[in-house]
Amino acid sequence: MSEQRPAPTRPDAVKTINGTPMPGGKPGAVHPTGPRAIAGNVQARARPSALPIPADRRVSAFVPTPVFDRWSEDAAGIRPAALEQGDNVITMFDVIGEDWWTGGGVTAKKVAAQLRAIGDRPVEVQINSGGGDMFEGLAIYNVLREHSQPITVKVMGLAASAASVIAMAGDTVEIGAASFLMIHNCWVIAAGNRHDMVEVAAFLTPFDQAMADVYAQRSGQSAADCAKWMDGETWLSGSLAIERGFADTLLPADQMRVDDKAKAADATANEVRAMEMTLLASGMTRAQARARIKSLKGMPDAAQEPADTPGAGGDPDLLGGLAALLDVFR
């Protein structure tokens with residue numbers, strides 16, 4: 001007889017990082033039907049206590065360039081087919097965290113503002129994102145978890161890295177047959193000696209454990225299995241995500257379309273992000289990398305032209321120059 005897997009549930013929210021409350025519900029708030037997120041145990045295990053601070057406090061979580069490359073090839077430009085979206089829909093068709101290059105990005109502050117505008121009603125969250133800043137993703141996850149009404153998450157194209165954490169906040173998770181969830185360990189760029197690297201590794205360990213616990217509680221799988229899949233950077237197709245409990249049902253195919261203009265804008269922005277990641281890996285600071293890229297074409301601080309959905313304004317000449325420079329580094 002096969003072993004019965006526990007029914008999927010929404011994971012508890014991660015309440016603090018370094019002792020600082022995460023964005024989300026008001027402290028001490030209790031919903032009429034009981035608290036939706038309780039600081040404490042996940043699957044009978046205590047959440048990590050206050051996290052250590054790494055030697056370099058500027059450590060940030062990123063998404064590896066190949067993930068964005070795959071987003072550009074397979075998922076960029078995927079949008080809902082319906083024209084009328086309703087005033088209770090939150091779209092996440094951009095990187096997670098503030099995007100310095102485009103002026104866009106999905107942040108906890110923006111999501112919290114949208115939830116306040118929606119009010120005490122059910123919410124639909126549409127996701128097509130390659131991820132971004134995992135720390136910001138946790139904050140967005142907590143903001144959604146604290147909402148008092150049911151949340152339906154729809155994975156329109158890709159929910160990778162930090163975006164996959166956000167997807168776990170849904171009471172119901174729907175995914176396209178050709179869509180993907182991608183889970184992996186927290187990924188950073190850091191510089192320093194071996195002692196600094198040990199500190200950074202220790203700093204990241206509780207975050208990886210917290211993500212594994214979130215995936216486990218939502219899917220009904222063991223935390224050990226989720227950690228193993230994270231170690232291997234696992235891509236879950238729609239049917240596999242449902243089989244393993246990360247999603248509940250498939251989206252109807254007619255709910256999605258490909259917007260060629262948005263696809264081109266997404267690809268352009270991803271080339272700029274890839275160039276920044278390459279320069280960071282070479283030892284530059286973020287400020288130095290951005291100054292170097294701006295100097296190539298005198299690029300302004302944000303996109304020159306707004307896209308129809310959060311993304312990048314386009315400059316084909318800049319894209320060509322960046323692609324050539326990327327080839328040199330590779």
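Contact here means heavy atoms within 4.5 Å. Among the contacts in the protein chain between residues at least 6 apart in sequence, 78% join residues at least 24 apart. This is a predicted model, so local features need pLDDT of at least 70 and side-chain atom pairs count only at pLDDT 80 or more, while totals for chains, interfaces and linings use all residues. Residues are numbered from 1 along each chain as its sequence is written, and side-chain values use heavy atoms, with hydrogens and water left out.

**View 1. The whole chain, before zooming in.** The secondary structure of the protein chain comes to 10 helices and 15 strands. Helices (H or I, at least four residues) and strands (E, at least two) are DSSP runs, numbered from the N terminus. Of the 330 residues of the protein chain, 50% count as buried. Buried means under 20% relative accessible area, exposed means over 50%, and partly exposed is in between (1.4 Å probe, protein chains only).

**View 2. H2 beside H3.** Here helix H2 (residues 108-118) packs with H3 at an angle of about 15°, and their axes are 9 Å apart. That makes H2 roughly parallel to H3. The axes are lines fitted to C-alpha atoms, for helices over the stretch in contact, and angles run from 0 to 180 degrees between N-to-C directions. As for the angle words, under 35 degrees counts as roughly parallel, over 145 as roughly antiparallel, 65 to 115 as roughly perpendicular, and the rest as oblique. H2 passes H3 in a right-handed crossing. A crossing is right-handed if the near helix is turned clockwise from the far one by less than a right angle, and left-handed if anticlockwise. On the H2 side, look for Ala 108, Lys 109, Val 111, Ala 112 and Leu 115; on the H3 side, Glu 136, Ala 139, Ile 140, Val 143 and Leu 144. By class, this contact of H2 with H3 has 8 nonpolar, no polar and 2 charged residues. In that sorting, Ala, Val, Leu, Ile, Met, Phe, Trp, Tyr, Cys and Pro count as nonpolar, Asp, Glu, Lys and Arg as charged, and the others, Gly among them, as polar.

**View 3. H3 meets H5.** Now follow helix H3 (residues 134-145) to helix H5 (residues 194-219): their axes come within 12 Å and cross at roughly 40°. That makes H3 oblique to H5. H3 passes H5 in a left-handed crossing. Met 134, Phe 135, Leu 138 and Tyr 141 of H3 meet Phe 203, Phe 207, Met 211 and Val 214 of H5. The contact of H3 with H5 has 8 nonpolar residues, with no polar and no charged ones.

**View 4. H5 and H6.** Stay on H5 and find H6: the two pack at an angle of about 120°, with their axes 8 Å apart. That makes H5 oblique to H6. H5 passes H6 in a right-handed crossing. H5 brings Asp 208, Met 211, Ala 212, Asp 213, Tyr 215, Ala 216 and Ser 219 to the contact, and H6 brings Ala 223, Cys 226, Ala 227 and Met 230. The residues of the contact of H5 with H6 divide into 8 nonpolar, 1 polar and 2 charged.

**View 5. Ser 164 and Ser 161.** Ser 164 is found in helix H4 (residues 162-167) and is buried, with a relative accessible area of 0%. Its side chain reaches the backbone oxygen of Ser 161 at 2.6 Å. Leaving aside residues up to four places away in sequence, Ser 164 touches Ala 159, Leu 181, Met 182, Ile 183 and Tyr 215. Ser 161 sits in the loop between strand E9 (151-160) and H4, and counts as buried at 5% relative accessibility. Ser 161 also has a positive phi of about 55° although it is not a glycine.

**View 6. Arg 218 on H5.** Arg 218 is found in helix H5 and counts as buried at 2% relative accessibility. A polar atom of the Arg 218 side chain lies 3.4 Å from the backbone oxygen of Asp 171.

View 7. Gly 232 and Glu 233 both have their place in the loop between H6 and E13. Gly 232 is exposed, with a relative accessible area of 53%, whereas Glu 233 counts as partly exposed at 32%. Glu 233 has a positive phi of about 45° although it is not a glycine. Gly 232 and Asn 185 are 47 residues apart in sequence and 8.7 Å apart in space, C-alpha to C-alpha.

Methods. Polar contact = N/O pair within 3.5 Å; in protein donor to acceptor, adjacent residues only side chain to side chain.
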